[in-house]
Amino acid sequence: MIREYKLVVLGSGGVGKSALTVQFVQGIFVERYDPTIEDSYRKSVDVDGTMYMLEILDTAGTEQFTAMRDLYVKNGEGFLLVYSIVNQASFNELQDIFDHVRRVKDSHEVAMVLVGNKCDLDSERVVGRDQGNIKAKQFACNFFEVSAKNKINVHEIFYDLVRTINKLSPTKFTKTKNTKKQRKKNTSGGGGCLLL
């Protein structure tokens with residue numbers, strides 16, 4: 001049986017959420033992209049010898065879609081919190097996004113990965129790697145710097161998120177079929193991320 005996970009990509013507008021998602025799913029770098037309202041992608045992957053079907057929701061970076069955001073946070077099982085290393089404001093907004101996810105999920109165990117995108121623009125960096133590490137410790141999750149353009153760590157962040165979901169929900173997939181009630185219970189996740 002193939003495992004299905006719903007992953008949600010969150011972050012401010014312009015940090016490269018769509019570029020990361022398209023690079024992971026289609027293997028291409030999209031230079032110009034219309035601002036996203038919400039795009040959904042599906043990709044099957046092999047992580048540590050197990051097949052997964054990932055449904056990835058690429059979300060809007062703007063605040064006007066908060067009602068929609070509540071819905072996909074509620075349904076999401078894993079979250080990529082993305083900022084741009086060349087945009088301090090996008091880093092500063094992470095706390096609000098993190099708090100929002102914890103509030104909607106109503107739990108302290110939510111699978112998350114902190115992602116600093118655009119590491120190919122190191123000469124324009126305004127957010128230090130140490131700041132990312134400190135924030136990841138606060139969020140209790142793993143941290144990667146990535147480049148959608150240069151394909152640096154793009155697959156790793158999605159695979160790491162799958163591993164984190166597995167660690168937080170080890171009983172989600174058993175040999176017997178889960179009932180809807182069990183499935184609901186197992187996917188009602190939570191707040192902080194787990195440091196692997």
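Leaving aside neighbours within four places in sequence, Ser 84 is in contact (heavy atoms within 4.5 Å) with Val 15, Ser 90, Asn 117, Lys 118 and Val 127. The model is predicted, with local features requiring pLDDT of at least 70 and side-chain atom pairs counting only at pLDDT 80 or more, while totals for chains, interfaces and linings use all residues. Residues are numbered from 1 along each chain as its sequence is written, and side-chain values use heavy atoms, with hydrogens and water left out. Ser 84 belongs to strand E4 and is buried, its relative accessible area being 1%. Buried denotes under 20% relative accessible area and exposed over 50%, with partly exposed in between (1.4 Å probe, protein chains only). Helices (H or I, at least four residues) and strands (E, at least two) are DSSP runs, numbered from the N terminus.

Strand E4 (78–84) is also among the elements that cover the buried residues of helix H5, together with helix H3 (88–92), helix H4 (94–105), strand E5 (111–117) and strand E6 (142–145). Within H5 (residues 129–139), the buried positions are Gly 132, Lys 135, Ala 136 and Phe 139. Viewed down the helix axis, these residues fall within an arc of 100°, so they line one face of H5; the arc is that of the directions from the axis to the C-beta atoms. Asp 130, Lys 137 and Gln 138, on the other side of H5, are exposed. Ala 140 follows H5 and has a positive phi, near 55°.

Helix H1 (residues 17–26) is mostly covered, with 9 of its 10 residues buried. Among them are Lys 17, Leu 20, Gln 23 and Phe 24.
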